[in-house]
Amino acid sequence: MTNIQYVLSEEINQAVEASMGRYLKDSRASCALLLAKSGHLISQAGFTSNFNVQSIAALIGGIFTSTQALAKVVAEEKFKVMFQEGKTWNVYFCLIADQFILATIFDKSTVVGMIRHAAGEAERELSPVLARAIVSDTDQAARDLSEKMDRLPSDAPGQPGAQEEALPDFNQAVEDALSKLFS
């Protein structure tokens, strides 16, 4: 599981909404959802009154996580695409920028090939936009900080040393994160 943090600026949000609108039109789907791999819904295009999209987003996040575990079992790095076919409704979802999922809900009036083609176009369009939205991977930041802390010499309690030396690194890390956030 990843722990990314992302910020959708107004510019990024407008680009995502425009791309999602084009994708919905090109695919002729009923509804398209953009969500984080954790299942958090980011954007929606189209509408289906029959479904609770928040629940769908959370379930897709869980399905995607378990599917990645399956990929490792069969010696694949990851699975990028999944398709669920039902009697009336189908759900297609694909990974975008390694951290986001584009999920599409469509009925039998649309063929999966059209969805797949349009999703590929949307992926190429959305990937660079969403990559700009990622401000940090908190798991990676924690590992980096832990490595920095492990490299510091241990000192006797009450003596100035390792903890005081670590503080400037922590402050620098916070400054770097804030600079990335507001740049």
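Trainee: Is Phe106 buried or exposed?

Mentor: This is a predicted model. Buried means under 20% relative accessible area. Phe106 has 1% relative accessibility, so Phe106 counts as buried.

Trainee: Which ring pairs with Phe106, and is the pair stacked or edge-to-face?

Mentor: The partner is Phe83, with the ring centres 6.1 Å apart. Phe83 lies in strand E4 and Phe106 in strand E6, 23 residues apart. Planes under 30 degrees apart count as stacked. The planes of Phe83 and Phe106 are at 20 degrees, so the pair is stacked.

Trainee: How many degrees lie between the planes of Phe51 and Trp89?

Mentor: Phe51 and Trp89 are one of four aromatic pairs in the structure. Their centres are 5.3 Å apart, and the pair is edge-to-face. Phe51 sits in the loop between strand E3 and helix H2, Trp89 in strand E5. The angle between the planes of Phe51 and Trp89 is 85 degrees.

Trainee: Which residue forms a salt bridge with Asp98?

Mentor: Asp98 is in the loop between E5 and E6, and its partner is in the loop between H2 and E4. The closest N and O atoms are 2.4 Å apart. A salt bridge needs the nitrogen within 4 Å of the oxygen. The partner of Asp98 is Lys78.

Trainee: Is Arg124 buried or exposed?

Mentor: Arg124 forms a salt bridge with Glu121. Both lie in helix H3, three residues apart. Exposed means over 50% relative accessible area. Arg124 has 55%, so Arg124 is exposed.

How values were computed: Residues are numbered from 1 along each chain as its sequence is written. This is a predicted model: local features need pLDDT of at least 70, side-chain atom pairs count only at pLDDT 80 or more; totals for chains, interfaces and linings use all residues. Side-chain values use heavy atoms; hydrogens and water are left out. Rings of Phe, Tyr and Trp (its six-membered ring) pair if their centres lie within 6.5 Å; planes under 30 degrees apart count as stacked, over 60 as edge-to-face and the rest as tilted. Helices (H or I, at least four residues) and strands (E, at least two) are DSSP runs, numbered from the N terminus. Buried means under 20% relative accessible area, exposed over 50%, partly exposed in between (1.4 Å probe, protein chains only). A salt bridge is a side-chain nitrogen of Lys or Arg within 4 Å of a carboxyl oxygen of Asp or Glu.
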